[in-house]
Amino acid sequence: MEAESSSPLARRTALTRSRLAPNPGPMSLEGTNSYLIGPEDSAGAAVVDPGPLDEQHLRALAAGRVQLILITHRHADHTAGAARLHELTGAPVRAADPNHCIEAQPLQDGEVLSVAGTEMRVMATPGHTSDSVCLHLPSDGPAGSVLTGDTILGRGTTMIDHPDGRLGDYLSSLNRLEPLGPATVLPAHGPVLPALDAVVRAYRAHRLDRLAQIRSAITGLGPDAGVREVTDVVYADADPSVRRAAESSVAAQLEYLRTVL
């Protein structure tokens, strides 16, 4: 049965609007933010992260004369509606992972996309997943904006989807994003945030704090402690609905501590 979906398009920045998909949950927060990119007077738009396979949501996005569909990473809450939106609009689908591309080539790090009168620079930001990308819109307001997918969320922190996602990669991606300064953060889940560099610093501090907690847990449990044991200690108060995500992040951090540091 098709889900109910009545979220309107909302202006987020001079060059972006978003529509909230009807897929709320412990990992997706209120749902996936699907973005339409392009100035108000543009004859077309690009869609970033079409979200779930929900007909009403996708038809609302398709009304924007879609010229290109972009995917920030492989997870189904971002990609499941892409093929149907392609059917509705004829627009090609591009992602870093060729498995999610339709009638188009994979996105390349550093590539500049020109669509609907707007330029977007592709930034490879692996860590949450190996194929994660962010999209930098340098002319979107005084400091520009960045569509961050799940690399940075509007609320809370990002899961490292180990083993595909790696903590070392994620920390490197944060280092790459910070020099963009106080760009507006346009996340795929949660509210818009005002300053990317400040958010990056907070994310980094959180990761380092978690690493310290895991080191402490290993000291108490022993050097061969497993993911479940460490999760029981470090995420003792975590809701059962996010237990898998907690274990995935612990696995990524244990690997980092044991093989990188």
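Ground rule first: I count two strands as paired if DSSP finds at least two bridges between them. Helices (H or I, at least four residues) and strands (E, at least two) are DSSP runs, numbered from the N terminus.

This is a predicted model, where local features need pLDDT of at least 70, side-chain atom pairs count only at pLDDT 80 or more, and totals for chains, interfaces and linings use all residues. Residues are numbered from 1 along each chain as its sequence is written, and side-chain values use heavy atoms, with hydrogens and water left out.

Strand β10. I looked up its neighbours: β9 (133–137) runs antiparallel to β10 over three bridges, with histidine 136 opposite valine 146. With β11 (184–187) the pairing is parallel, over four bridges, and glycine 149 has proline 187 as its bridge partner there. From β10 the chain goes through α4 to β11 in a right-handed β-α-β crossover (clockwise from the first strand over the helix to the second, with the strands pointing away from the viewer).

Burial. I checked both faces of β10: Ser145, Leu147 and Gly149 on one side, Val146 and Thr148 on the other, are all buried (under 20% relative accessible area, 1.4 Å probe, protein chains only).

Most residues other than glycine have a negative phi, and most peptide bonds are trans. I found leucine 29 at a positive phi of about 55 degrees, in the loop between β2 and β3. Aspartate 49 has a positive phi of about 60 degrees; it sits between β4 and α1 and counts as buried because its relative accessibility is 2%. The bond from histidine 162 to proline 163 is cis, omega near 10 degrees, and proline 163 is in the loop between β10 and α4.

Methods. Buried < 20%, exposed > 50% of the residue type's maximum accessible area, 1.4 Å probe, protein only.
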